[in-house]
Amino acid sequence: MASSTNTPSYILRYIDLIVLGESTRLLLTAANVEWTEEHPEWPKEKPNQPFCRLPVLVEKSTDGGPDFVICESGNIERYLARTYGLLPADLKEAALQEQVRDQITDVINTFVSFIEAISEEDKKARLEAFGELLDKFIAVYSVHIRNNGNTGHLFGNSLSFADIVTYVLFKNVVFGLVKFKADIADYTKPKFTPEIIKLISTVETDPKLTKFVLKSGNLSAAVRA
Amino acid sequence: MASTNNRPSYILRYFDMIGNGESTRLMLTAANVEWTEERPEWPQEKANQPFGRLPVLIEKSTDGSPDFVICESGNIERYLGRTLGFIPADLRKAALQEQVRDQTFDVITSFAGFVRSTSEEDKKARLDAFWEILDKYIAVYSKHIQDNGNTGYLFGNSLSFADITTYVLFKNVLIGFAKFKEDIADYAKPKLTPEIIKLISTVEAEPSISKIVFKSGDLSAAVKA
């Protein structure tokens, strides 16, 4: 595969899971750049990462200089989205999209704190908090999708950063997080509104993503099932 | 106070605490723009916020169009950071600074997990996790400050987004969090390296924030005490 002169190629270092890596995978796919994935042995490779955590993004140097290495999943996603035009250049428009991703971080972090909880009372409280935040997210963004012409896009008429990260949230709560809570889909699927289901199918049928998006599962099919 | 034509003014809606509002306060002050703060009655005003949470930033319109409203503290900080010039325009340089903020958020979120826990075993596990990530943060960024000429700045030679977020992290840990864990400073102070202490005093000596920085406490003094 010939690469354009000076278009960088990327390495995503993560675990072989959807969770905090999938939005980056989809953004790299939509950007149509060369990229590969490394699955470091864990926790063996922990000390070799910049902040001892994954994901890490390596942008391979094209000029002999050092590679550019960043971490923190939201930071990686925003950097790629800005670089490849999936986040608007206008700061206000970008902030409205980044807000969506930050809210998704809150939902996922709440689920993580449920997994980490030890006592039954803490588990129960954290699971309830997760459900509440997910309900809020679905309510707010279903209205948003409707108000944006009900085409399954959150903003404008084409695949955006916000669409991708929202799709991945729902892929996580149906597929990605199953290994941490086996019945999670039974809990989350009934919450999906027609607008959310439309966003899911709009993202899964976007030509920019077709070569990759179904590798981690067919979410539209799972939602209908 | 006369306002310049067409320069927006801002309202920060948040609680009377350092928490996730202080970085925003410092940037608005350093940029010398008009801004005020609202302290909504809580939880009465919860339903009136875009996502049921605080902080919220309102950029007042100067041309009769609707005000611009965003939420999520990191999103607010990045929007102001870019608009007011604390985040570099270069995407790679920006990502290296945003990464710092995402990591301070991980540390603060980790402490929030401790505060929310009810059982003794959960409290202990969450507190241990908080100390671990704080230790990591201190180690990585002490080295960073050293490598950057040991002037107390994380990047370059002047107050940046990363400096502000790091300062606020330590203000939270040593002062803000005391209301949730009285003796936290006893544990945290010994962990501070000379580089971190230098950053704290460098930020607190910055003229552009002098009229507000000590309102929430004198961190350099607290560190020396």
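Buried area, as I use it in these entries, is the accessible area (1.4 Å probe) that two parts lose on being put together, summed over both.

**Ground rules.** I am working from a predicted model, in which local features need pLDDT of at least 70 and side-chain atom pairs count only at pLDDT 80 or more, while totals for chains, interfaces and linings use all residues. I number residues from 1 along each chain as its sequence is written, letter chains from A and number ligands from 1 in the order in which they are written, and take side-chain values from heavy atoms, with hydrogens and water left out.

**Entry: the two domains of chain B.** I looked up the domain assignment of chain B (bounds from an automatic or database assignment), and it gives domain 1 as 9-84 and domain 2 as 91-224. The C-alpha centres of these two domains of chain B lie 21 Å apart. Their contact, meaning heavy atoms within 4.5 Å, takes 19 residues from domain 1 of chain B and 22 residues from domain 2 of chain B. Between them the two domains of chain B bury about 1,700 Å², 65% of it on carbon and sulfur atoms. On the domain 1 side, I noted that Ile18(B), Leu26(B) and Thr29(B) lose the most area to domain 2 of chain B, together 34% of what that side buries.

I then looked for salt bridges (a side-chain nitrogen of Lys or Arg within 4 Å of a carboxyl oxygen of Asp or Glu), and the count between domain 1 and domain 2 of chain B is three. I also recorded a salt bridge between the side chains of Arg101(B) and Glu77(B), at 2.8 Å from N to O.

**Entry: chain A against chain B.** I next turned to the contact between the chains, which takes 39 residues from chain A and 40 residues from chain B. Chain A and chain B bury about 3,500 Å² between them, 55% of it on carbon and sulfur atoms. I find ten salt bridges counted between chain A and chain B; Arg78(A) forms a salt bridge with Glu98(B), where the closest N and O atoms are 2.9 Å apart.

For the elements involved, I used DSSP runs numbered from the N terminus, with helices (H or I) of at least four residues and strands (E) of at least two. Strand S4 (68-71), helix H2 (73-83), helix H3 (91-116) and helix H4 (120-147) of chain A each supply at least two residues of the side that touches chain B, and H3(A) gives the most to that side, with twelve residues.
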